[in-house]
Amino acid sequence: MIRPTLGGVLAALALVVLMAVSVPALADVRPPADAAVAVTPGQDIPQSLPSNLKSNPAAQLWQGVGDGTVGRVSIPDPQAGRLIQTSGMEWLEFRSEVIGFWGMVAVLGMVTALTAFFMIRGRIKIDSGRSGRLIQRFKRVEVVGHWLTAISFLLLALTGLVMLYGRDLLLPWMGPAIFAGVAEAGKYAHNFGGFAFMAGLVMIFVMWVRANVWDRYDFNWILKGGGLLSKGHPPADKFNFGQKTVFWMVTLVGVALSLSGLNLLMPFWFTSDIETMQLVQLIHAGLGVGLFALMLAHIYIGSVGMESAFDAMSTGQVDINWAREHHSAWVERYVAEHGEPPVTQPPTKGPGASAQPAE
Amino acid sequence: MGKMAFLCDGDRCIECNACVTACKNENEVPWGINRRRVVTINDGLADEKSLSVACMHCSDAPCVAVCPTNVIYTTADGVVLHDKDGCIGCGYCFYACPFGAPQYPQKGNFGSRGKMDKCTFCSGGPEETGSQEEFSKYGRNRVAEGKLPLCAEMCSTKALIAGDADVLSDIFRQRVVERGFGGGSYGLTESRKQRT
């Protein structure tokens, strides 16, 4: 228990008196003696700033705040110390105006080009007709590897397109509630589907890389434009130059997509600055929509664009006449190794007038 | 009503973190999320300065522009709010925001993130005003009760002020004239910029 003593009371009183005396003195130093304009509180608010303002004593420090200054925060997340980043505005503009616009141009341009090609060239038939003899073009594991990559890529591409274009294209007619559900399901499919794509990518790379290096048929194949617009078929091994292009595009762009995707999946694991995250997002979106446009051509030629091409990736077996026309060098080696296969399917007549039956 | 804004006077902030505490308590903000934070520059040095930072309720907000599900919106008062029901946790608003305001309950976890959370200027969200849903998702709707955001209301040095942007600039201009030097404010100019 504290007992008030005379000395204590006097000291307290002295303190009170001292403070009462010093308050007017405090009021005198406000505003500061060297202020540009002496304004006392309660006066009208000045409408403009006087011309003789001094610069802020910490001007240099405040300048850095405009972009990039990282201070200390007492919360556990040190990244919250970043005060302002201005690249976000550039990021979102680039995303919508460059990637959004040119991605749309690439996809619609490819669809238009393929439609035009189909109308001019039609379905590329087997010139000499089907012989009814089937040869094994792809093993079961190769077919599985292809479809693992293909289906997961289509899933990733479509859900990715929802992120890029959904707000403009789907939201108006789906309504906010349904669209949010679609977009959220799409996000999860994209996040987990990425691993299926990476697994498929590894599979097809290991299985096909050896057949996809440059060989002696490629230069001639390029010179003849692959025989796409002309009659006749330039010779090729297991994969022609067009297919090799698809393979290397898928491999290189696929690896870039996988790495950038992992970085987006685990934000700030591999980098601590926001600018890198933004850049990686742009790379991911740009390459994704670009590869999708390219894959449309691959899907076209492997389905409606060419007779019998789809067989290679459904049953893995193709007609030997088709193979002779498109992969003559490969067939020669196959026949030399396995012998001519027996007729198991009804043969058909091809449109090639000068074509000899491949007996 | 005018356009709402925050202004932090860096020459006044003393890093007491009362705004952070007030915000967390008033809105019952979940663990791991700080709608408001105090950043100290040159900590421990003679020219140490501090700033209180949260969503600045930009007049032309990048988060509103980028949101893929279009759930972030600007109210008639100029407050930027969002509908958590439509948020898919993509993280784009965080990439776009100059002030690092949007946050997510999970940081990594395969980018799942959860629903974005940020300062609401103490004015709730799209749920019914004053309802339990509104409170649990977005926090207190003080503006509907005629009050200002609690962080600014209880700032002891009035470094952090909230309200109509014009009134805030009047107050700050008066301070500048009294001090005899400008600068040191945070948030008002940056968040009032019009993007081209």
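**View 1. Confidence of the predicted complex.** The predictor assigns the complex an ipTM of 0.91 and a pTM of 0.86. For chain B the average pLDDT is 91, and 97% of the residues score at least 70.

**View 2. Contact between chain A and chain B.** Chain A contributes 58 residues to the contact and chain B contributes 50 residues. On the side of chain A that touches chain B, at least two residues each come from helix 2 (59–65), strand 1, helix 3, helix 4 (140–169), helix 6 (176–208), helix 8 (241–265) and helix 9 of chain A. Helix 6 of chain A gives the largest share of this side, 7 residues. Sorted by class, the side of chain A that touches chain B holds 38 nonpolar, 13 polar and 7 charged residues.

**View 3. Open sheet built from strands of chain A and chain B.** The sheet has 3 strands in the order 1(A)-2(B)-3(B), with antiparallel pairing. Its edge strands are strand 1 of chain A and strand 3 of chain B, each of which pairs on one side only. Strand 1 (residues 72–73) of chain A is joined to strand 2 of chain B by 2 bridges in the antiparallel sense. Within this pair, Arg72(A) has Thr40(B) as its bridge partner, and Val73(A) has Val39(B). Strands of a sheet pair through backbone hydrogen bonds, in either a parallel or an antiparallel way.

**View 4. Strand 2 of chain B and its pairing with strand 3 of chain B.** Strand 2 of chain B and strand 3 (residues 49–53) of chain B run antiparallel and are joined by 5 bridges. One of the bridge pairs is Val38(B) with Ser52(B), the latter in strand 3 of chain B. Strand 2 (residues 37–41) of chain B is mostly covered, with 4 of its 5 residues buried.

View 5. In chain B, 3 strands form an open sheet in the order 6-1-7, and the pairing is antiparallel. Strand 6 (160–164) and strand 7 (185–186) of chain B are the edge strands, each pairing on one side only. Strand 1 (residues 4–9) of chain B pairs with strand 6 of chain B in the antiparallel sense over 5 bridges. Leu7(B) has Ile161(B), in strand 6 of chain B, as its bridge partner. Helix 6 (residues 165–179) of chain B packs on the sheet and touches strand 1, strand 6 and strand 7 of chain B. The direction of helix 6 of chain B makes about 135° with that of strand 6 of chain B.

**View 6. Helix 3 and helix 9 of chain A.** The axes of helix 3 (residues 87–121) of chain A and helix 9 (residues 274–302) of chain A come within 9 Å and cross at roughly 5°. Angles under 35 degrees count as roughly parallel, and helix 3 of chain A and helix 9 of chain A are therefore roughly parallel to each other. By class, their contact has 16 nonpolar, 6 polar and 2 charged residues. The residues from helix 3 of chain A include Trp91(A), Phe94(A), Ile99(A), Met110(A) and Leu114(A). From helix 9 of chain A, the residues in the contact include Leu282(A), Val289(A), Phe292(A), Leu296(A) and Tyr300(A).

Definitions and conventions:
Residues numbered from 1 in each chain as written. Chains lettered and ligands numbered in written order. Predicted model: local features only at pLDDT ≥ 70, side-chain atom pairs only at ≥ 80, totals over all residues. Buried ≥ 20, exposed ≤ 12 C-beta atoms within 10 Å, placed from the backbone. Pairing = 2+ DSSP bridges. Axes fitted to C-alpha atoms, helices over the stretch in contact; angles between N-to-C directions. Parallel < 35°, antiparallel > 145°, perpendicular 65-115°, else oblique. Contact = placed C-beta atoms within 7 Å. Nonpolar A, V, L, I, M, F, W, Y, C, P; charged D, E, K, R; others polar. pLDDT = per-residue confidence, 0-100.
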